[in-house]
Amino acid sequence: MADPQLEQVAALQAELAALRTEMQAFTATVSHDLRAPLRHIVSFAQLVQEEAGPQLDAEVRGFLATMVDSARHMGVMLDGLTALSRAGTETVVLEPVSLQALVREACNAVPGAGPALRWHMDGDLPLVQADARLLRHALGHVLGNAVKFSAGREKPVVSIRRGACSEAGVVELEVCDNGVGFDPALQGKLFQAFGRLH
C-alpha cells in the first residue's frame, strides 16, 4: 500500500518542477523579445548622436548619452534575468578548486577596479570541492558589488578572508569593503533578484 504522504510529496515536487519550467520559459521569452526593441533604441540614439550631434547643445547630447547607457544597462539586466532562469537547472560539477587562485582571478577580472583600490586577501585560502564556473560567477558578482559601493571612497579597500565556519567540510569566505554599507535590518533582502537596498 502506497504511503499517502510520499505520494503528496511526489505530487508537490512534480508541480514545483512544472512551475520552474514554466517560469524559465517565460523569462527566456521576455528576455529574448525585449532585446530587439532595445537594440533599436541604442542604434537609433547612436545614429542621432552621429548625424546631429554637432548641431545639438550639450544638454541634449547628455540626454542621448543617458538613453544609450540606460538601454545598455537594461541589456545587462536581461542577461541577468536569462542567467537566473537557467540557474536552477544547471548541473553542478564538483572538482578540486584552488580558492586562492580563483579569488585572485576573480579580483583581476572585476570591472571598474581602479588603481586606488587596494585588495587584501588571506594567503592561506584552501583547496575546496566546488563547481569552479559557478563559484567564479558568484565571486564576480560579490566582488563587483564591493568595488562598486566602495568606489566613492578616497582609499577604497576590499578584503577577502576565510571565515570561522564550524561546520565540517564547509569553507566560509568573507568579503568586506569600506563602502557605503547597508542597514543590517535589511540583510535578508540582500540577495533577492533585482532587489535594491539603500
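Colleague: Across which strands does helix H4 (residues 132-150) lie, and at about what angle does H4 run to E5?

Modeller: An angle here runs from 0 to 180 degrees between N-to-C directions, with axes as lines fitted to C-alpha atoms, for helices over the stretch in contact; contact means heavy atoms within 4.5 Å. Helices (H or I, at least four residues) and strands (E, at least two) are DSSP runs, numbered from the N terminus. Helix H4 lies across E2, E4 and E5, at about 20° to E5. Helix H3 (residues 99-109) also lies across E2, E4 and E5, and runs at about 170° to E2. The model is predicted, so local features need pLDDT of at least 70 and side-chain atom pairs count only at pLDDT 80 or more, whereas totals for chains, interfaces and linings use all residues. Residues are numbered from 1 along each chain as its sequence is written, and side-chain values use heavy atoms, with hydrogens and water left out.

Colleague: In what order do the three strands form the sheet?

Modeller: Strands pair if DSSP finds at least two bridges between them. The order is E2-E4-E5, in an open sheet with mixed pairing. Strand E2 (118-121) and strand E5 (173-177) each have a single partner strand, so one side of each has no neighbour in the sheet. On average, neighbouring strands are turned by 15° against each other, direction ignored.

Colleague: In which sense does E2 pair with strand E4 (residues 157-162), and over how many bridges?

Modeller: These two pair in the parallel sense, over four bridges. E4 and E5, in turn, run antiparallel and are joined by five bridges. Ile160 of E4 is the bridge partner of Met121, and Ile160 also has Val175 in E5 as a bridge partner.

Colleague: Which elements make up the chain, and how spread out is the chain?

Modeller: There are four helices and five strands, in the order α-α-β-α-β-β-α-β-β from the N terminus on. The radius of gyration, taken over C-alpha atoms, is compared with a globule rule of 2.2 Å times the number of residues to the power 0.38. For this chain the radius is 22 Å, well over the 16 Å that the rule gives for 198 residues, so the chain is more spread out than a compact globule. Its C-alpha trace spans about 80 × 50 × 35 Å along the principal axes.
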